[in-house]
Amino acid sequence: MRFCLRNEEMALEEMVQRLNAVSKRTDEIMHRDISPLCAADIQDQLQKRFAYLSGGRGQDGSPVITFPDYPAFGDVPDKEFQNVMTYLTSIPSLQDAGVGFILVIDRRQDKWTSVKASILRIAASFPANLQLVLVLRPTGFFQRTLSDLAFRFNRDDFKMKVPVIMLSSVPELHSYIDKSQLTEDLGGTLHYCHSRWLCHRTAIESFALLVKQTAQMLQAFGTELAETELPNDVQSTSAVLHAHTEKKDRAKEDMRLALDEGRSVLESIREPLARGPEQSPNQGQLDSQSTVQRLLAQLNETEAAFDEFWAKHQQKLEQCLQLRHFEQDFREVKAALDMLAQKITTFTDVGNSLAHVEHLLKDLASFEEKSSAVAQRARTLALEGERLIELKHYAVDSIRPKCHELRQLCDQFAADIGRRRGLLGKALDLHGLLEASMKWCDEGIYLLASQPVDKCQSQDGAEAALQEIEKFLETGAENKIQELSKIYQDYEPILTRDLLEHVQKVFRKQESAEGMFHRRRASLKKLAAKQTRPVQPVAPRPEAPTKSPCASPGIRRGSENHSSEGSVLRRGPYRRAKSEVSEGRQGRSRSTGDEESLAILRRHVMNELLDTERVYVEELLCILEGYAAEMDNPLMTHLISTGLQNKKDVLFGNMEEIYHFHNRIFLRELENYIDCPELVGRCFLERMEEFQIYEKYCQNKPRSESLWRQCSDCPFFQECQKKLDHKLGLDSYLLKPVQRITKYQLLLKEMLKYSKSCEGAEDLQEALSSILGILKAVNDSMHLIAITGYEGNLSDLGKLLMQGSFSVWTDHKKGHTKVKDLARFKPMQRHLFLHEKAVLFCKKREENGEGYEKAPSYSFKQSLNMAAVGITETVKGDAKKFEIWYNAREEVYIVQAPTPEIKAAWVSEIRKVLTSQLQACREASQHRALEQSHSLPLPTPAGISPSKGNTKNVRKLEERKTDPLNLEGYVGPAPLPRPPEKGRASPTSPDKKAKRHQVKSDPTPFGLRGWSKTSQPSEAPEDNDGWSSAEEPVNSSDAEEEGGVGLRKLVPGKYTVMGLDEKGGPDALVLRSGDEVELVQEGDEGLWFVRNLSSGGEGWLPARDLSSLLGQRGAPGCLSSPESSAGSALLSASSSCSESCAAALADLQG
């Protein structure tokens, strides 16, 4: 750098010196050091032509200045005269001016006085040397005579050191100056045009000034360039180089224009000579040409000096730019190499299986291939630096260490890659040896397990089996671990703690297998010896011996989306082995060989589970890195179509969340069960909640597939698939999570089949059930998101329990008669969704399209709140039908399932929902009853306790309470009657009304239903939602079937009196038609404690009288509230709610 700066300083100094010399020589050429006047400054004075320099010369080369006849000569100001004289005398060269000037004064048409005045003026102010003054005196006789006399007497007055010669005629003048040096007005032949001369002088002086200014401009520009500080980055350096180049180009353009101007002036001087070749140029013209040529030479010198300086300056800037590029590339390459070096330090895994090591080697090769571009760039950059050094770059001291560092980093990276490849090669050899040993052990155990027991009992059979064993043992030399210490020694660099334990386990397994062979061989040798008596076979003859088992799954790797045929082929050996083993143990207890065979099969299933899990995790990572991450890569943005931008979450869903769960948690926990595969069910159970993430992925799948169909031809996907070298498109890999969650239940079934007598069988069964539950939930959610037209929030309905398609008949009491009749015979196809809080009726609509777009959608038609739903299990005539009725059979839906099994499942699930509601109702009643510490008043005439005689009923209800499935006819949690408090207000009092509005805080899950509009609409709760409408009377299904035979069974609740009670005494409770009454509690001997809500009275009345007063079943106005509607429905013989509620109340009173 210092050398470069010193070089440039020297170049600048040289250029400045040369340009200063140009400026100085330009002044000398134009005699600026003698006279600073220019023709342009005194152009008006020169145009008067009272004196001119024609270019003529005397005999000794003296310049001739002519004063032509100018009448107004005396009027010319002294200043102008002095300027013109000074300028004219400065034009000839110093050499010519040193000889002296010849003045020719033409006064032939003037007077003597004028001649005298002119001579005196010239003598007084002529600024240069004079050689001779020639005066053409007046031609008139008088003036000529006068001038002769006056000149003689006044010679001394002129005070001139040179002779003044008075000439009478022009011919006399020719004797002093040749005619060729005189202008035509003096009788000469010299062609002179004053205006042209003046134009030439102005142009020459302008050109001289331009030459000087150009030199000064280039000098200042060179100084500016040299003093510019070099930037430290590529962009700024490029900007400086560009700016300086532009300025240089402008300066060169100015110099070109100046040269053109000089050539133009020179051409204008030569033009008259070109037009008249017979005329020879005078000395003045020659001097003008010489002046212009000298100026052009100075301009060329200026340009050469600047070009030489610019070449050095440009080289400096270009080298600076090269250096900045090199430094920037060095920083980028070094950062990339450092990142690669840091990343390779994280490659410490030596694999836990042969397939894993092969995958690690593949990853290493892929990493090396990707990083090769960085290493190649580093080597190329080092070569570029060396080239700059060879070209004598000024920053050699800075470039050489960086080149050395780049080569060191490349060599170090290559060494790290080689070291890593060597370790993985050792790991590959070790895992190959371990898996060969495990395969040998498995095949050996399989051989022992598959040897027919009955054949081994004979001498020939024992010898054959012994030969099989001996032949198999001979293969152990290549496949067994010979010396454990040698393994430790050879593979010490890769023996991690886990791998060391694995080696020890394999060696122990090998020793165990060898021990089994030795024991079997010893037994067979004894059997092969001559036997004293025949041994009858215990087990029946098995089938032909099976072939050797399939290769150890630990060696095989593949994706989980194998065809079903492939799965059958893989599981074939399991079934055959188990079949043979089971046949061999008939009539005797399971042998050790049988247990070992099952253990082998379990291990095979476990290996398949682990292998496919690893492949699954790798494929997820491949998609996330190869597609999802590339969507955020700025270099790939131009390939992404508009419809795909910002849609990564739609396309991939929560695949990243699924990957992290399997990679960080599930796969690692599965590997902990590799030695106890029968316990793997626990792993699934512990992580069952995390598997819910698949539901979210499957719900997003329709949107993802729709987006894929729109953008599948996007160049982005094609480029990513090309980089990943995938034969299948992205859509095939987006199905992997869906395929994987279904694969688990198949593997768990296989594991459970071979682990039924093991410790973890129950966990496996529970894990299988849980996985199937998740699959069902995923399937249900896929249907649930297809519901359209439902205005509420489906999540408010609770968990989706079941869904399916049914034929539905409706029977609504409010409907028109014809409509009801038509509905009974014409079924509707409906898709039902059973939630915890409601059941939805939807119409299934098939969609046209492909993939998920072909999936059906469901148009919402109706929903029933489970708080007001009841069921009837059996419908006469069809075992597949059941009834769902609403608001105590105000609306009845006859539902026909596809099969009796589906019907049974739905009825059972609905019963569970209703049972949970009933239980919540009981708990709510008990909670309210604990707050009231009162007892019912006794009837005056009888004196019997209201609870007396209820023991039988209570016991019966207690038995019914324990049966949660006995809910036929149940319509939900109707409010239970509250026992009266002595001395307190009736339920219709304002205090009671205030309490009823506190139902929102009631612990009952869905709240208790409020009063109907017909009874007390002002007390209807705000959150009724219309589910408990009881504007019309209802009857229970069972009551209708009984036809009204016998007394109606009463239950606690509110009723409307339909007749007049005329049997009561003076103290009896009086009931009138239209009164609202409440049946509070049933006592002994058929008495009911009744409270008249209209009059406020209360007392005991016989049940028979109440049955007639309160109207027959089905009578209008019989019930007036949802509670009574529910109560009426509960009169069904098949219902257990009324007895349960009564039993609960009896428990509270007791």
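Analyst: The axes of helix α12 (residues 396–450) and helix α14 (residues 459–474) come within 11 Å of each other and cross at roughly 180 degrees. Here axes are lines fitted to C-alpha atoms, for helices over the stretch in contact, and angles run from 0 to 180 degrees between N-to-C directions. Helices (H or I, at least four residues) and strands (E, at least two) are DSSP runs, numbered from the N terminus. α12 and α14 are therefore roughly antiparallel to each other, a term for angles over 145 degrees.

This is a predicted model, in which local features need pLDDT of at least 70 and side-chain atom pairs count only at pLDDT 80 or more, while totals for chains, interfaces and linings use all residues. Residues are numbered from 1 along each chain as its sequence is written, and side-chain values use heavy atoms, with hydrogens and water left out.

On the α12 side, Trp440, Glu443, Gly444, Leu447 and Leu448 meet Glu468, Ile469, Phe472 and Leu473 of α14; contact means heavy atoms within 4.5 Å. By class, the contact of α12 with α14 has 6 nonpolar, 1 polar and 2 charged residues. Ala, Val, Leu, Ile, Met, Phe, Trp, Tyr, Cys and Pro count as nonpolar, Asp, Glu, Lys and Arg as charged, and the others, Gly among them, as polar.

The contact involves Tyr694, Glu695, Cys698, Gln699 and Pro702 of α23, together with Ala777, Val778, Ser781 and Met782 of α27. Its composition by class is 6 nonpolar, 2 polar and 1 charged residues.

Leu800 lies in strand β7 (residues 800–812). Leu800 is buried, with a relative accessible area of 13%, where buried means under 20% (1.4 Å probe, protein chains only). Leaving aside neighbours within four places in sequence, Leu800 is in contact with Asp780, Leu784, Phe833, Leu834 and His835. The C-alpha atoms of Leu800 and Lys837, 37 residues apart along the chain, are separated by 9.3 Å.

Turning to a sheet, 4 strands form an open arrangement in the order β14-β15-β16-β17, with antiparallel pairing; two strands pair if DSSP finds at least two bridges between them. The edge strands are β14 (1053–1056) and β17 (1098–1102), each pairing on one side only. The twist averages 40 degrees from one strand to the next. Strand β16 (residues 1087–1092) is joined to β17 by 5 bridges, and Arg1091 stands opposite Glu1098 in β17.

Note on methods:
Angles under 35 degrees count as roughly parallel, over 145 as roughly antiparallel, 65 to 115 as roughly perpendicular and the rest as oblique. Buried means under 20% relative accessible area, exposed over 50%, partly exposed in between (1.4 Å probe, protein chains only).
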